[in-house]
Amino acid sequence: LRSQVANLNPGLIANLHQAAIDLDGERLRALLLTVRDQNEELARSLLTLIDNFAYDELFSLTSSVGEE
């Protein structure tokens, strides 16, 4: 997943990261519409994380992308 997230627009990654920090499931779902336009498989994977309240994993995926 990490490499797929890294291919997203940096602004989108930042928005996903902030929404994960805020535990904002509604905002995350809205952002996934944009992700889906770029990578449907990734959007499904991220939705699974959201549905399972795995915000920590989503936070980790989006925070480390800019650090690599």
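This is a predicted model: local features need pLDDT of at least 70, side-chain atom pairs count only at pLDDT 80 or more; totals for chains, interfaces and linings use all residues.

A: Leu 1 sits in the segment before H1, with helices being DSSP runs of H or I of at least four residues, strands being runs of E of at least two, and both numbered from the N terminus. Numbering runs from 1 along each chain as its sequence is written, and side-chain values use heavy atoms, with hydrogens and water left out.

Back to Leu 1, which has 37% relative accessibility and so counts as partly exposed. On that scale, buried is under 20% relative accessible area, exposed is over 50% and partly exposed is in between, with a 1.4 Å probe and protein chains only. If you skip the neighbours within four places in sequence, Leu 1 is in contact with Leu 42, Ser 45, Leu 49 and Leu 61; contact here means heavy atoms within 4.5 Å. Gly 25 is another matter: 24 residues along the chain from Leu 1, with 19 Å between the two C-alpha atoms.

One of those partners, Leu 61, takes us to helix H5, residues 55-63, where Tyr 55, Leu 58, Leu 61 and Thr 62 are buried. Those four are on the same side of H5, because they cover an arc of only 120° around the axis, the arc being that of the directions from the helix axis to the C-beta atoms. As for what covers them, the list includes helix H1 (2-6), helix H2 (10-21), helix H3 (25-38) and helix H4 (40-51).

From H2, His 17 is worth a look. His 17 is buried, at 18% relative accessibility. Leaving out residues up to four places away in sequence, His 17 touches Phe 59, Thr 62 and Ser 63, and Thr 62 is one of the buried residues of H5.

Now for a couple of loop residues. Leu 23, in the loop between H2 and H3, isn't a glycine, yet its phi is positive at about 55°. Leu 23 counts as exposed, at 55% relative accessibility. Over in the loop between H4 and H5 you'll find Phe 53, again not a glycine and again with a positive phi of about 55°. Phe 53 is exposed too, with a relative accessible area of 64%.

The C-alpha atoms fill a box of roughly 25 × 20 × 15 Å along the principal axes. Of the 68 residues, 37% are buried. Among contacts with a separation of 6 or more, 51% come from residues 24 or more positions apart. The chain exposes about 4,100 Å², with carbon and sulfur atoms supplying 47% of it, by the Shrake-Rupley method with a 1.4 Å probe, where only the protein chains shown count as cover for residues.
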